[in-house]
Amino acid sequence: MVNLTIDDKQVTAPKTATIYEAAKLNGIKIPILCHDKKLKPFGACRMCLVEVEQMKGRQIPACTTPATEGMIIRTATPDIVKARKMVLELLLLNHPLDCPVCDKSGDCDLQNLTYEYKVNSNRFTDAKFNHQIDYNNPLIERDMNRCVLCGKCARICDEIVGFGALTFIDRGIETKIGCEFDDALNCEFCGSCISVCPVGSLLARPFKHKARFWAMTKHKSVCSYCGTGCNLTLGVKDNKVLTTIYDEDQGFHKGQLCVRGRFGYQFINSDKRLTKPLVRKNGALTESTWDEALELVAARLKGGSSVAALATPRLTNEELALFKKLLVENVGTKNFDHAAGYAHAALTEGFVRSFGTSASSASILDVQKSDLLLVIKTDTYETHPVVGFEINMAVKNKDVKISILSDKRGKLSKLPGANTLVHLPGNEVVILNAIAKTIIDEKLVDASVAGVTGYADLEKMLSAYSADAVASQCGLTAADIKKMASDYATAEKALIIFPVGQAYPGHNADLASAAANLAILTGKYGKEGCGVLCLSEKNNSQGAVDMGFYAQDGGFNAAQILDACSTGAVKTLFIAGENPLVSYPDRKKVKAALDAVEFMVVSELFLTETAAMADVVLPVCSFAEKEGTFTSTDRRVQYIKPAIRAIGQTRTDFKVFADLISKLGGTAPVTAAAQFEEIAATTAGYKALSHVSLRKDGAYAPATASPALVAVQAVPVPAAETGKLSLVVGSVLYHSGTLSQNGEGPMHVCPEGYIELSRPDASASKIAENDIITVSTTNGSMQLKAKVTSRMPAGVVFAPYHFSDAPINTVWNGAAVTSVTLAK
Amino acid sequence: MNPITPIINGMKITLKHMFMKPVTLQYPTERPKVSQRFRGLHGLKVSHSKAKCVACYLCPTVCPAKCITVEAGEDANHDKFASVYEIDMLRCIFCGYCVEACPVDALKMTGEFELANYNRQDFIYSKERLLEK
């Protein structure tokens, strides 16, 4: 800490702080345009000039000057104010005075400063710019006439997003921010540049002209897409969520969002939302009343174990716990599951046997504190973009090394120094076992392993997995595997990251245990910057696991439930928010099961393909209309409260389950807070938590690891037949599950399903970009648009699973790798 | 006093006033000449055959009676315009703040004061009705 005097006030600040940060920390405001908490100091705008007693005679930029011991700083002397006024005059010289039509008005740093410093006239005259405005994409509008060249957009795109779409081009008075070759913007549209722009140069087009900043009420919430648990501020007017507002003080990610979080909110107020309960009468779904619909459902729920349920992990913890209570206590069934029954296996089976707890042994904050990241699948960036940003920052700013094990290249493999091993798909466990074997052979095992059970078994099992023996099977060289092993084992701190989800059936319990084995063998768990981080797919996937909403004690899992529907063992199926017809593997089988089941009730926001087959459809609320908690992938429990009133006649799932419990003769807690008290009392790690304590920032639910080494045999992947390609499914950056299909932003950037193939494969089958090709497997065939990229290795094709119009489960039966033939 | 005198005096005044120029305005046959500063019905000014209003939302912001509804739209040239501009005359208090707040001089208050109507709905003046003729 250093002691200094700012405006006659004695203050202390950390050694690393700049004058600006020291002042801000102590509540002294210095005006600035080019500074953001997350970015490195830049010194572009010259608004933050201050006088320092020790450096008399010149004005010092506060944002780039480190605070040192004994500094005496004045932030608002008449000279300084005069200088700032001139800076503003010079900025306003070329800045168009179009505040009435500029969407930034009201939230504009330049406007606020001009008002604050009373810059009413300008001593200088110059022509305004006449740059062409970029309207080429539907999400980000770039008007360089308003730009003040603070460089924040270019810096955030480079430093955090790692895309580098924007940069300064031209020189002198002609300088502007532009894209490569001064072309249209074509990036991943995360909108980070919009969030930091101090003026109206970069604007969100989905929000354009919708409302003024001051007319909206701001509601803090938590993003409902992936498991990262990013915090959002929703801008609400007239019971409509109009935008997400940037707040650099929010969350571990400091307000940073991805394309889904920033541009995917439109599903909340979508016209397609269901507003009234629907009941099937004479074969058609007709509008009905809640009383009628709930009576029907309650009557059908009295079936004991012939009732089964599937829930989406987008429900709150309270709703999942109450749903489980309804099923177990009032209905009397153990047949319930979430996430297709396998997407949570890494946690509920893998981590349970390896760490004794169904939670990751690391948090997202460990990413930047580590020395080496071992990332399994480059898809980590696509499934959890904000974790991807953390990885970018770790590698670029903290010199963290990154090793990637993936079946294709991706954005992460472009990071400086990234060591990417592109292996034949489906061989992750084999390679992890080979790495474990190398660690044992090269005596890199940590001393702490002596007290861990299962070492002898593991060593015995691993004898078949020497790097030399398995390398060719995985399409790698033994030296590569050995290098990755020694890199991992010799790093002081190392973190293993892998995503799970419905599209990643290969990321199962075995993969989790194989990864955990590495951490346990080298003693890299339970410490800062170490551990195994399993990135769960949906916003409350970890919560669903913590609430125990999965098949246990002989209950049917999702696949068994669907089988039982077909055989008639399950007569009533309650689907809360899932869309199995699109997101579960093997569409034919799912369709047959849903057709066969006697009675199906779906509670949903939209009339999805699954809901359209139901006997009763209950319209329920989105996350913006309800109270509860979400648990992020690293067990951060966060509180959400309603930002808008329920739309139409929709009710929260909580209310639906509570009403059904009362109809079945039970008693349900009245409020979500009361339900959470129950959860806190019975769930490991949630003990000290309550809605009141979570209101502000949320809290981590601690998990204690008791390690065990588990010998996991790799399931051999059948070699691709000649002439066939290996299909791997996955998530695409802009989407999450099937919900993001109702977000305008994601649908603008990635509107339809596709199949991505390598250049050699494309030229071999004479397929060009955007060709419609027929993809066939033993399961069926479908038509998809081709996308030819250089990131795919030859022989491997990739397809995202989110799209109702091009459901990849037509050809995909849930295998980690599927043999496909492509034909034009 | 003669009891007839007061009646005659009274009749005198009555007769005098019968032939005097009347003090009150003979509305509706006679129309008042309203002052330039009179604050009557709003008018949206027109320039280059379209409304000058750029839908900046300052008038609904400043309006103390919250009677102005604006919705902005984007035209083919990406210019901002008011796709909806409505004033609820039942709530308007004719303070004129909206005119004062307008940064582009798009709004005025006309001399029009005959705002009576039969239906409540008719008091909500849409953009078409407000555009100056």
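Guide: Please note that this is a predicted model. Let us begin with the contact between the chains: twelve residues of chain B are in contact with nine residues of chain A.

Visitor: How should I read the pairing of strands in a sheet?

Guide: Strands of a sheet pair through backbone hydrogen bonds, either parallel or antiparallel. In chain A, five strands in the order 19-18-17-20-21 form an open sheet with parallel pairing. Its edges are strand 19 (419-422) and strand 21 (531-535) of chain A, each of which pairs on one side only. On average, neighbouring strands of this sheet are turned by 15 degrees against each other, direction ignored. Five bridges link strand 20 (residues 494-499) of chain A with strand 21 of chain A, and Pro499(A) has Leu535(A) as its bridge partner there.

Visitor: Is strand 23 of chain A largely enclosed or exposed?

Guide: A residue counts as buried if 20 or more other C-beta atoms lie within 10 Å of its own. Six of the six residues of strand 23 (residues 599-604) of chain A are buried, so this strand is largely enclosed by the rest of the structure. Phe599(A), Val601(A) and Ser603(A) point one way, whereas Met600(A), Val602(A) and Glu604(A) point the other way.

Visitor: Which strands pair with strand 23 of chain A?

Guide: Strand 22 (residues 572-576) of chain A runs parallel to strand 23 of chain A and is joined to it by five bridges, with Ile575(A) opposite Val602(A). Strand 24 (residues 616-619) of chain A also pairs with strand 23 of chain A in the parallel sense, over four bridges; here Leu618(A) is the bridge partner of Ser603(A).

Note on methods: Residues numbered from 1 in each chain as written. Chains lettered and ligands numbered in written order. Predicted model: local features only at pLDDT ≥ 70, side-chain atom pairs only at ≥ 80, totals over all residues. Pairing = 2+ DSSP bridges. Helix = DSSP H or I, 4+ residues; strand = E, 2+ residues; numbered from the N terminus. Axes fitted to C-alpha atoms, helices over the stretch in contact; angles between N-to-C directions. Contact = placed C-beta atoms within 7 Å. Buried ≥ 20, exposed ≤ 12 C-beta atoms within 10 Å, placed from the backbone.
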